[in-house]
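Dear colleague,

Here is the structure I said I would pass on. My notes on it follow below.

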Amino acid sequence: MTTNHHDELIKIGIKPFLRDTKFSHKFPYVIFCAPPFPTTDYPNDLRSAGLNWSGKGSFLFTSSTAVYDCNNNGLCDEDFPLVPIGRSSRTDVLLKAEIAALEAGGCVLRLVGLYNLDKGPHLYWLEKGTVETRPDHILNLIHYEDAASLSIAILKKNLRNRVFVGCDNHPLSRQEIMDAVSQSGKFDKNFNGFTGTDDPLGKKIYNTKTRAELGWEPKYQSFRQFLGLTD
């Protein structure tokens with residue numbers, strides 16, 4: 001949408017274009033992994049991306065597990081019921097974009113919270129120091145590298161109209177995440193704590209079916225393992 005990060009992309013060997021660029025040919029592999037902001041018509045952006053796909057190879061949209069209708073820290077997998085369209089503008093835009101991708105013959109990868117050492121909820125909470133949300137809310141994580149390797153695994157299968165989930169199968173509460181941060185000794189700042197008591201809970205997401213079909217396993221089996229701790 002902008003040239004803000006083009007220099008960074010060029011340095012790692014990627015040739016960037018603005019989204020309105022017209023190409024003389026189509027591409028066998030297309031992945032759409034832009035967030036639903038600041039664009040004004042996210043589903044149409046998916047349709048536009050699909051127009052650049054040749055129909056060979058694979059077209060993949062990275063969505064979010066926010067579309068699963070669970071907020072009681074319950075178990076959730078690939079087949080769990082979805083939030084009904086009309087209940088939430090946040091999930092509406094994702095679900096409509098998923099529909100656009102699937103109608104084009106593409107696949108959808110619903111990702112949980114992404115992280116590495118320098119990005120993720122743990123960094124946001126460390127910066128805040130004290131956070132007004134409940135500590136027992138369950139989160140699900142996947143390392144950026146693992147989200148990338150899973151995306152590539154799906155693209156290489158040349159599948160059509162399929163939905164997958166990307167997670168590390170080690171759900172953690174907010175408190176457990178920050179306890180691990182403290183135990184790791186990798187961060188200078190101290191976290192004071194969570195003070196909320198009545199905000200919504202989360203979900204425990206597992207992607208056993210995704211792993212079985214694709215033969216994929218994450219490099220970082222859990223957030224704790226990534227930090228050098230035992231589970």
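Phe-17 is partly exposed because its relative accessibility is 41%, where buried means under 20% relative accessible area, exposed over 50% and partly exposed in between, with a 1.4 Å probe and protein chains only. Phe-23 falls in the partly exposed class too, at 31%. This is a predicted model, in which local features need pLDDT of at least 70 and side-chain atom pairs count only at pLDDT 80 or more, while totals for chains, interfaces and linings use all residues. Residues are numbered from 1 along each chain as its sequence is written, and side-chain values use heavy atoms, with hydrogens and water left out.

Aromatic rings

Rings of Phe, Tyr and Trp (its six-membered ring) pair if their centres lie within 6.5 Å; planes under 30 degrees apart count as stacked, over 60 as edge-to-face and the rest as tilted. The count by this rule is 11 aromatic pairs. Phe-17 and Phe-23 make an edge-to-face pair, with 5.1 Å centre to centre and 85° between the planes. Tyr-42 and Phe-61 are also edge-to-face, because their planes stand at 65°, with the ring centres 5.9 Å apart. That pair links distant parts of the chain, 19 residues apart: Tyr-42 belongs to helix α2 (residues 42–51) and Phe-61 to strand β2. Helices (H or I, at least four residues) and strands (E, at least two) are DSSP runs, numbered from the N terminus. Tyr-42 is buried at a relative accessible area of 3%, and Phe-61 is buried at 0%.

Elsewhere, ring pairs join Tyr-115, Tyr-220, Phe-223 and Phe-226 into a cluster. The charged end of Lys-119 sits over the ring of Tyr-144, 5.7 Å from its centre; the criterion is NZ of Lys or CZ of Arg within 6 Å of the ring centre and within 35 degrees of the ring normal.

The sheet

Strands β1-β2-β4-β9, in that order, form an open sheet of 4 strands with parallel pairing; two strands pair if DSSP finds at least two bridges between them. Its edge strands, each pairing on one side only, are β1 (27–32) and β9 (163–166). Neighbouring strands are turned by 20° against each other on average, direction ignored. Axes here are lines fitted to C-alpha atoms, for helices over the stretch in contact, and angles run from 0 to 180 degrees between N-to-C directions.

β1 and β2 (residues 53–64) run parallel and are joined by 5 bridges. Phe-27 has Trp-53 of β2 as its bridge partner, and Tyr-29 stands opposite Ser-58 in β2. Of the 12 residues of β2, 9 are buried.

Helix α3 (residues 89–103) lies across β2, β4 (107–111) and β9, at about 165° to β2. Arg-110 lies in strand β4 and counts as buried because its relative accessibility is 5%. Leaving aside neighbours within four places in sequence, Arg-110 is in contact with residues including Glu-78, Glu-98, Tyr-68 and Phe-164, contact meaning heavy atoms within 4.5 Å.

Helix α5

Helix α5 (residues 144–156) has 13 residues and spans 19 Å from its first C-alpha to its last, close to the 18 Å expected, which is 1.5 Å times one less than the number of residues. Its buried residues are Asp-146, Ala-147, Leu-150, Ser-151, Ala-153, Ile-154 and Leu-155. Just after α5, Asn-158 takes a positive phi of about 55°.

Regards
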